[in-house]
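Hi,

Here is the structure I said I would pass on.

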Amino acid sequence: FKKTKPAKVENTLLSDDSAELDTTSLSAMELNCELGRKMTVYRKSKDEGQIAVRWKEKLLRFLRVDTQTGAHRYENEKHGLVWIGIPGKSMLLDSKNGRQLANECMNAEQAQEALKAKG
């Protein structure tokens, strides 16, 4: 993960998902989703411009897209995937086929807060 201008990042990161990303220097967030699905989100501290998401057997790079709602939205245009994170949960979408791949994804802290809110 290099912090560069968006156009350069798009060309260098999204054009080659075949190279395995070295995640040893990145922080990892394990997410448990509905229907027993799981994913891991990797990020470099202080770099909100991009993330990597391990979904099933693939590790894919996503670039941040500005939103007016304040949600964290990242896209991988090559694969047509969108990752959206809001304070209570996150989700992974397949924008090419218009369907959700994973919803209600929460890390341990978010899951605990959700249980407290239910009473």
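**What turned up**

Q50 is found in strand 3, which covers residues 50-55; strands here are DSSP runs of E with at least two residues, helices are runs of H or I with at least four, and both are numbered from the N terminus. Before going on: this is a predicted model, where local features need pLDDT of at least 70 and side-chain atom pairs count only at pLDDT 80 or more, while totals for chains, interfaces and linings use all residues. Residues are numbered from 1 along each chain as its sequence is written, and side-chain values use heavy atoms, with hydrogens and water left out.

Back to Q50: at 2% relative accessibility, Q50 counts as buried (buried is under 20% relative accessible area, exposed over 50%, partly exposed in between, with a 1.4 Å probe and protein chains only). Its side chain makes a polar contact with the side chain of D47, at 3.5 Å.

Helix 2 (residues 108-118) is hardly covered, with one buried residue among its eleven. A108 sits in this helix and is exposed at 66% relative accessibility. In sequence A108 and N32 are 76 residues apart, yet their C-alpha atoms are 8.2 Å apart in space. Just after helix 2, G119 takes a positive phi of about 110 degrees.

As for aromatics, rings of Phe, Tyr and Trp (its six-membered ring) pair if their centres lie within 6.5 Å; planes under 30 degrees apart are stacked, over 60 edge-to-face, the rest tilted. That rule gives one aromatic pair. The ring centres of Y74 and W83 are 5.9 Å apart with planes at 55 degrees, so the pair is tilted. Both Y74 and W83 are buried.

Cheers

Definitions and conventions: Polar contact = N/O pair within 3.5 Å; in protein donor to acceptor, adjacent residues only side chain to side chain.
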